[in-house]
Amino acid sequence: MSRRLVNVTLDNLDDLPHRCRACVYWELDAVAHDRAVKLGGPALEKEAWVSSTLLEWGSCGKIVYVDDVPAGFVLYAPPLYVPRSTAFPTSPVSADAVLLMTAHITPEFTGGGLGRMLVQGVAKDLTRRGVKAVEAFGDAKGAAGGCMVPADYLLSVGFKTVRPHHRFPRLRLELKSALSWREDVEVALERLLGAMTPDAALRPA
């Protein structure tokens, strides 16, 4: 089973789940969002947002594929590009951080570590660009099917709470620690695989 992580572009935007492809919860403020939905054009607004963010700031999302099937995605950008980021009781996002807007793994691929793979891909990309941290508004109720990432999930992949709230805590991931985690895991895997004989490595689990 092959896995690959690619940047979100206008060419692969349609690989997002249909509901997410037409969702502009984060990309527009509340008034513009309601207007876009009423006029039936949220998918075009999504495309316009991705296009302008790519041109002005650069990569703003990742899609993970399993055997060439889109299995999940994540979107992120500086809060300046995310109008909805000012609407939370735990706003604003820290000046040195990029906002992780939303992340989603399709149901048939959950539990396989793809979410962590997406977060690590974001961390690697942003570290190269000199960003110090990623922040996110978590959903403490963990509501399924929403546009927000459950707070418990964010905590499980290394985020720490910086502004508590009963529903929408703001969490932060220091990118230096995220990459250290990645390197530690890679070292552990190399040691594990190095201790196995070729025959044992090929034997079914």
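**Close-up views of a predicted model**

**View 1. Strand β4 is mostly covered.** Of the nine residues in β4 (residues 97–105), seven are buried, meaning under 20% relative accessible area with a 1.4 Å probe and protein chains only, while exposed is over 50% and partly exposed lies in between. Strands here are DSSP runs of E with at least two residues, helices are runs of H or I with at least four, and both are numbered from the N terminus. This is a predicted model, where local features need pLDDT of at least 70, side-chain atom pairs count only at pLDDT 80 or more, and totals for chains, interfaces and linings use all residues. Residues are numbered from 1 along each chain as its sequence is written, and side-chain values use heavy atoms, with hydrogens and water left out.

**View 2. β4 pairs with β3 and with β5.** Strands count as paired if DSSP finds at least two bridges between them. Six bridges link β4 to β3 (residues 69–77) in the antiparallel sense, and three link β4 to β5 (residues 133–139) in parallel. Take Leu99 in β4: Ala77 stands opposite Leu99, and in β5 the bridge partner of Leu99 is Glu135.

**View 3. Lys46 sits in helix α3 (residues 42–56).** Why does Lys46 count as buried? Because its relative accessibility is 3%. Leaving out residues up to four places away in sequence, Lys46 touches Leu16, Cys20, Arg21, Cys23, Val24, Glu27 and Leu75, a contact being heavy atoms within 4.5 Å.
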